[in-house]
Amino acid sequence: MPSTWWLKRKSYFMFMVRELTCLFVGGYALFLLILVSQLNDADGFAALLKNPLVIVLQVIALPMVLYHTVTWLNLTPKVLVIWRGESRVSPVLIAAAHYLAWLVVSVIILWIVSMYR
Amino acid sequence: MAASEPTPSDKTVVLEVFRYRPEEEEEPTFQRYEVPYFEDWVVLDALNHIKDEIDGTLSFRWSCRMGVCGSCGMMVNGDPKLTCAAFLRDYHPATIRVEPLNYFPVVRDLVINMEDFLEKMTEVKAWLVPKEEKPVSEGEYRQTPAELAKYKQFSMCINCMLCYSACPVYGQNQSFLGPAAIALAQRYNLDSRDGATEERADVIFSHEGIWECTFVGDCTRVCPKNVDPAGAIQQAKVSATEDWYRSVLVPWGKRNVKST
């Protein structure tokens, strides 16, 4: 198979995009570590955040991480199969439950952060 | 066979067909045929027209012509399809390219060698191994509708191998067990009458089994019977992982490869 196999059809291309978004997830974790390392230096910290390149990377990373999350949550019904008698719990319900859990966890995190403002 | 280039019209469509005659040529070629176009014709009808009226040397497999036997799988414009389910009207007036199923060795023209798949079905024991043998006099192995529902979707597989032709993992590495073999293993694992889940576990919970799958999902996209082999594989991954945790945390416990 040629190394360009994933360019040959849309479903393959979208698969590769989904897989490569993990680089942005990992990359953002690295960025947070760099920010932590700048904590002693208020100017360096601010300069890093104002850096145009860093802003561009953030703007790219956000949709990538969101796509990573959405594709993952949408696939949870394939993995989590719950039977009620002769039928499966609706896949839409399974995915919706995960989106709800994401919302709840996000609210809790925002609440914790807001306590320190 | 035609001396001049065929040109399509409202009443005809051109098929560009993969030819390979090992006794005549080293390399495959493509041959163009102009066939009548009808609203209700499928690619298989066009191929049979070619064989009957234009070129009797064309070789291809087909049988039921209604999407239940799994014989007529081929690549139609690069997409694995049952040719009995690929309507000319979805392509006409564009030329339709017909090639043998991807990733299988070609025997002749559109006929592929499916030995690999047949061996894998044997490897995963794609048949019912009753939990307890009982004589015919004791009656049937009974099952409730709820127990049937658990594996019914995976039992719809017609062994057409379109999923193998869609899977880029199989394309890269033919030692991968593949979507249909694993889905069929799950069909029996989830069958309440079956008792061979542990035997199959050693085959499918392996590097060439479920762990080679990266959940591209194209197998499910091309499956003509909505078997969802990708779903079967991910469910097997959950079972395997649960079993692994049990073996690590409760190693003295009885092995129970829970079928989801």
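Which strands of chain B does helix α1 (residues 43–54) of chain B lie across? Helix α1(B) lies across β1 (12–19), β2, β3 and β5 of chain B, and runs at about 95° to β2(B).

## Basis of the description

This is a predicted model, in which local features need pLDDT of at least 70 and side-chain atom pairs count only at pLDDT 80 or more, while totals for chains, interfaces and linings use all residues. Residues are numbered from 1 along each chain as its sequence is written, and chains are lettered from A and ligands numbered from 1 in the order in which they are written.

Helices (H or I, at least four residues) and strands (E, at least two) are DSSP runs, numbered from the N terminus. Axes are lines fitted to C-alpha atoms, for helices over the stretch in contact, and angles run from 0 to 180 degrees between N-to-C directions. Two residues are in contact if their C-beta atoms, placed from the backbone, lie within 7 Å.

## Chain A as a whole

Chain A has 4 helices and 2 strands. Along the sequence they follow the pattern α-α-α-β-β-α.

The radius of gyration of chain A is 19 Å, whereas a compact globule of 117 residues would have one near 13 Å. This radius is taken over C-alpha atoms, and the globule rule is 2.2 Å times the number of residues to the power 0.38. Taken along the principal axes, the C-alpha atoms of chain A fill a box of roughly 65 × 50 × 15 Å.

## Helix packing in chain A

Two packed helices are described by the angle between their axes and the distance between the axes. Helix α1 (residues 10–37) and helix α3 (residues 52–79) of chain A pack at about 125°, with their axes 8 Å apart. α1(A) is therefore oblique to α3(A); angles under 35 degrees count as roughly parallel, over 145 as roughly antiparallel, 65 to 115 as roughly perpendicular and the rest as oblique. The crossing of α1(A) past α3(A) is left-handed. A crossing has this hand if the near helix is turned anticlockwise from the far one by less than a right angle, and is right-handed if clockwise. Residues making the contact include A:Arg18, A:Phe24 and A:Tyr28 of α1(A), and A:Met64, A:Tyr67 and A:His68 of α3(A). By class, the contact of α1(A) with α3(A) has 8 nonpolar, 4 polar and 1 charged residues. Ala, Val, Leu, Ile, Met, Phe, Trp, Tyr, Cys and Pro count as nonpolar, Asp, Glu, Lys and Arg as charged, and the others, Gly among them, as polar.

α3(A) also packs with helix α4 (residues 91–114) of chain A, at an angle of about 135° and with the axes 8 Å apart. That angle makes α3(A) oblique to α4(A), and α3(A) passes α4(A) in a right-handed crossing. The contact is made by A:Leu73, A:Asn74, A:Thr76 and A:Pro77 of α3(A), with A:Ile94, A:His98 and A:Trp102 among the residues from α4(A). The contact of α3(A) with α4(A) divides into 7 nonpolar, 3 polar and no charged residues.

## Where the chains touch

The contact takes 12 residues from chain A and 16 residues from chain B. On the side of chain A that touches chain B, α1 and α3 of chain A each supply at least two residues. α1(A) gives the most to this side, with 3 residues. The residues of this side of chain A comprise 7 nonpolar, 3 polar and 2 charged.

## The sheet of chain B

In chain B, 5 strands form an open sheet with mixed pairing, in the order β2-β1-β5-β3-β4. Because β2 (29–36) and β4 (79–82) of chain B stand at the edges, each with a single partner strand, one side of each is left without a neighbour in the sheet. Neighbouring strands of this sheet are turned by 35° against each other on average, direction ignored. Two strands pair if DSSP finds at least two bridges between them.

β1(B) and β5(B) run parallel and are joined by 3 bridges; B:Val17 stands opposite B:Val98 in β5(B). Strand β3 (residues 73–76) and strand β5 (residues 96–99) of chain B run antiparallel, joined by 2 bridges. B:Val98 in β5(B) is also the bridge partner of B:Val76, and B:Met75 stands opposite B:Glu99 in β5(B). β3(B) pairs with β4(B) in the antiparallel sense over 4 bridges, and B:Met74 has B:Lys81 in β4(B) as its bridge partner.

## Backbone details in chain B

The hairpin of β3(B) and β4(B) has 2 residues between the strands, and B:Asn77 takes a positive phi near 50° in this hairpin. B:Met161 is not a glycine, yet has a positive phi of about 70°. B:Met161 lies in the loop between α3 (145–152) and α4 (162–166) of chain B.

The peptide bond from B:His92 to B:Pro93 is cis, with omega near 5°. B:Pro93 is placed in the loop between β4 and β5 of chain B.
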